[in-house]
Amino acid sequence: MLRHAKARSPVKNSRRLLLIVWIFVAIVVGLLAFAYYSFGLMSAARAYVGGEGLWSKSQKDAVLALSRYVSEQRPQDYQAFQDALKVSLGDREARLELEKPNPDLQIAAHGFLEGRNHAEDIDGMIRLYRSFRTVPELRKAITVWNAADAHMDQLIILGEQIRSASQGSSMDDARRRTFQAQLTHINSQLTPLEDEFSYALGEISRRTKTILGFVMVLVATVLLAVAYMVSRRVVRQNERYQRALLDSEKQLRGMLQFAPLPIIIVSLPDNLVTYANDRALAQFNTSMAELLGFTAQDFYVDREERTRIVEALRAHGTVRDWEVQLQDKKGKAFWVLLSSRRLLLGGRECLLTALNNIDERKQAQEEMRHRAFHDELTGLPNRAMFMDTLSRTLHRAERKKACFSILFVDLDHFKSVNDKYGHSVGDLLLQEVALRVRQSVREGDLVARLGGDEFVILVEDDGSADEVSQIAKKIQTVLEPIHTLGEHQLRVTASVGISRYPQDGTDMDALLRNADSAMYRVKEDGRNNFQFHSTY
């Protein structure tokens, strides 16, 4: 009987957990739907408040423009009057259409657009008007809105009268004063209505916010109460199964604690660390209490690598000896061989991962690689790395029909420095020259030391010979200041030979040979200069 209960428990537990999940999903979806609806209403209310500002401003602008037209009779003032009217008339068109039993929503939308309302707000404004126009606050605002129509009609008629008078001969000073008085009267009638309309819209916005906030709290409370009661019942039924699993988990943790490698257990649904043995805690420089707040991704230098490992686990169930770079709590990176497999622990799908630290081996490999491709004295790339980079650059240039240049740099009279001051001073000089040359080129250009006092620069994607000439000149400029090397002060110059792809060669040997040839031509012509191979 006990075995039978244990066999059914995982299935029952999964169903109970699934029920809880769906309950909370329903709550979240319901709250999000209501919140979306509420935010839409609030946005529409704010749009009406903003539209009211445009409406009020357009009326004042219309009165002001018509007043200027009476005084100066400039056509542009009358045009400004008509343009300002379009805002109020557009809003009126939308309102009148929405008052109909079966309104044409396209006409209403066109009216709101004419009223300079934002296109994204118009659907919400239409819904708010149609759904809540019987609400007292909104009805009051609409009544004030309607009351302004008569005064706007008076303003339109007066504008036409002023226009006719200006085109005839009846616009004398007395007539102007009469028109100005009429404009003042209409404006005095509109201003209180604008203020009342603005106040009514503000009341609507505040009332909407209060009601929606109360309803949202009420709905959330009811839903959460239901969820609490259901969840409490399910959780109580689940406690027996959890207690049964506890003993087996303790035994597993005890076994893992004495494992010879760092071991971590991560919960797959949320990627949270649920267990780490002492070796893992030491490896990540943390405590168990601190580690429980981390996700698996927090320990990956490249978080995308974690995604690739999980995908491999889903495909094959296990991964073995996956080389990856991790980091401890303080951000110190190290390399490991990672082996992981999926398992069910405490009713949850988890990953059990063992780590084998190979940081020292990786560092040794990286150091060997660096030594193989870099000059030991200057730290610059050496001949091997330069030739490899040149080969790849040549292939890219062939595909893309691009250009690049090689600058062959040879120090002038360097042998005399070694003879006079010794090789130790000569080495210091080469280090200083390497530093200055590297600082004189672009970020993406490669500077390498071929040997002795010979340096070479690979300039990719060069635009013209002038651009390469500027680099050569800059190299000679940075070498001009005196080099202070201990108690010695030395001045050094360089001869630079330049070959360009493709005009000076289409293979590596030809390009290097021609750059070297151009450099020796500079030597023959007096040194301390540069020369393109293609110019001689």
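Q: What is the strand order of the open sheet of five strands with mixed pairing?
A: This is a predicted model, so everything here is read off computed coordinates. Strand 7 (446–451) and strand 12 (530–532) are the edge strands, each pairing on one side only. From one strand to the next, the twist averages 20°. Reading across this open sheet, the order is 7-8-6-11-12.

Q: In which sense do strand 11 and strand 12 pair, parallel or antiparallel?
A: Look at residues 494–501, which make up strand 11. Ile498 stands opposite Phe532 in strand 12, and Gly497 has Gln531 as its bridge partner there.

Q: How many bridges join strand 6 to strand 11?
A: Now turn to strand 6, which covers 404–411. One of its residues, Val409, has Val496 in strand 11 as its bridge partner. These two strands run antiparallel, and the number of bridges joining them is eight.

Q: Which helix lies across strand 6, strand 11 and strand 12?
A: The helix to look for spans residues 508–524. It runs at about 145° to strand 11. That makes it helix 15.

Q: What is the handedness of the β-α-β unit made by strand 11, helix 15 and strand 12, left or right?
A: Taken together as a β-α-β unit, strand 11, helix 15 and strand 12 are left-handed.

Q: Why is strand 11 described as largely enclosed by the rest of the structure?
A: In a regular strand, side chains alternate between the two faces of the sheet. Here Ala494, Val496, Ile498 and Arg500 point one way, while Ser495, Gly497, Ser499 and Tyr501 point the other way, and all are buried. Strand 11 is largely enclosed because the buried count is eight of the eight residues.

Q: What is the order of the open sheet of five strands with antiparallel pairing?
A: The edges of this sheet are strand 2 (273–276) and strand 3 (318–327), each of which pairs on one side only. On average, neighbouring strands are turned by 30° against each other, direction ignored. Going across, the order is 2-1-5-4-3.

Q: Is Glu305 buried or exposed?
A: Glu305 is found in helix 9. Setting aside neighbours within four places in sequence, Glu305 is in contact with Tyr300, Trp322, Glu323 and Val324. Its relative accessibility is 15%, and the cut-off for this class is under 20%, so Glu305 counts as buried.

Q: Which class does Glu160 fall into, buried, partly exposed or exposed?
A: Glu160 lies in helix 5, which covers residues 136–167. Tyr78 is 82 residues away from it in sequence, yet their C-alpha atoms are 9.9 Å apart in space. Buried would need under 20% and exposed over 50%, so at 47% Glu160 is partly exposed.

Q: How many disulfides does a search of the whole structure find?
A: A disulfide is a covalent bond between the sulfur atoms of two cysteines. Among the cysteines, Cys350 is buried at a relative accessible area of 0%, while Cys403 is partly exposed at 30%. For disulfides, the search comes back with zero.

Q: What share of the residues of the protein count as buried?
A: Zooming out, the protein has 15 helices and twelve strands. Its accessible surface is about 30,100 Å², with 55% of that belonging to carbon and sulfur atoms. Of the contacts with a separation of 6 or more, 62% come from residues 24 or more positions apart. Out of 536 residues, the buried share is 42%.

Technical notes:
Residues numbered from 1 in each chain as written. Predicted model: local features only at pLDDT ≥ 70, side-chain atom pairs only at ≥ 80, totals over all residues. Heavy atoms only, no water. Helix = DSSP H or I, 4+ residues; strand = E, 2+ residues; numbered from the N terminus. Buried < 20%, exposed > 50% of the residue type's maximum accessible area, 1.4 Å probe, protein only. Contact = heavy atoms within 4.5 Å. Areas by Shrake-Rupley, 256 points an atom, 1.4 Å probe, with all protein chains shown as cover. Pairing = 2+ DSSP bridges. Axes fitted to C-alpha atoms, helices over the stretch in contact; angles between N-to-C directions. Disulfide = S-S within 2.5 Å. Right-handed = clockwise from strand over helix to strand, strands pointing away.
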